[in-house]
Amino acid sequence: MDSSDVSGDLTNVLITEAEIHAKIAELARRIEADYAGQDVLLVGVLKGAVMVMADLARELRLPITMDWMAVSSYGTSTQSSGVVRILKDLDSELEGRTVLIVEDIIDSGLTLSWLLGNLRSRGPASVEVCALLRKPDAVRIELDVKYVGFDIPNDFVIGYGLDYAEKYRNLKDIAVLAPHVYS
Ligand code: 5GP
Ligand code: MG
Ligand code: MG
């Protein structure tokens, strides 16, 4: 873990910084092969995907552009409901574009399922998804996620962009939040 003094809030490190970077490089090689010769629009979902986007975008040897969307999914602090509201929309038009959504984590998949429908309705040439993390519930629903970094257990994780109450996003590793913090 890094120097931030929050180690008492974590039960364990799940994925180290080195493991994250190795996985992002691996995903980037697959994406480069699949999108060779194309201009890809990376759509990052704020705020959790900021770190994945920053590292993936720099790793990709492809002409890319970046855009951002902020959505709020109604629900409790640790569970989403699937009812989504756009807080910040894309600046770009998607008509004819090759779109790759960059996500931090898929849990129920409700947020992503809504987002896919929303972006696909704007006439892009294609929309695929790259998510660093995926939890077990997401595997059960019909969701086409082309690039997944890690399948993780059903724990609430923080770090590398992921927050709890807006904290811990700056941790370099991904760690499991200790239940005493949120219960
Ligand atoms: P879904 O709609 O797939 O259930 O939830 C997706 C969103 O819920 C993620 O983008 C993230 O904001 C939040 N989320 C789900 N699981 C976790 C988790 O383990 N840790 C954190 N920090 N956020 C999570
Ligand atoms: Mg997200
Ligand atoms: Mg959050």
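Predicted model: local features only at pLDDT ≥ 70, side-chain atom pairs only at ≥ 80, totals over all residues.

Trainee: Which handedness does the crossing of α1 and α2 have?

Mentor: Residues are numbered from 1 along each chain as its sequence is written, while chains are lettered from A and ligands numbered from 1 in the order in which they are written. Helices (H or I, at least four residues) and strands (E, at least two) are DSSP runs, numbered from the N terminus. A crossing is left-handed if the near helix is turned anticlockwise from the far one by less than a right angle, and right-handed if clockwise; that of α1 and α2 is right-handed.

Trainee: How are α1 and α2 oriented to each other?

Mentor: The axes of α1 (residues 17-34) and α2 (residues 50-59) come within 9 Å and cross at roughly 50°; axes are lines fitted to C-alpha atoms, for helices over the stretch in contact, and angles run from 0 to 180 degrees between N-to-C directions. Angles under 35 degrees count as roughly parallel, over 145 as roughly antiparallel, 65 to 115 as roughly perpendicular and the rest as oblique. The two helices are therefore oblique.

Trainee: Which strands stand at the edges of the open sheet?

Mentor: Three strands form this sheet in the order β1-β9-β8, with antiparallel pairing; two strands pair if DSSP finds at least two bridges between them. Each edge strand has a single partner, so one side of each is left without a neighbour in the sheet. The edge strands are β1 (10-15) and β8 (157-158).

Trainee: Which residue in β9 is the bridge partner of Ile 158?

Mentor: Strand β9 (residues 174-177) pairs with β1 over four bridges, and Leu 10 stands opposite Leu 177. Two bridges join β8 to β9. The partner of Ile 158 is Ala 175.

Trainee: What is the omega of the cis peptide bond from Leu 46 to Lys 47?

Mentor: Lys 47 lies in the loop between β2 (40-46) and α2. The omega of this cis bond is near -5°.
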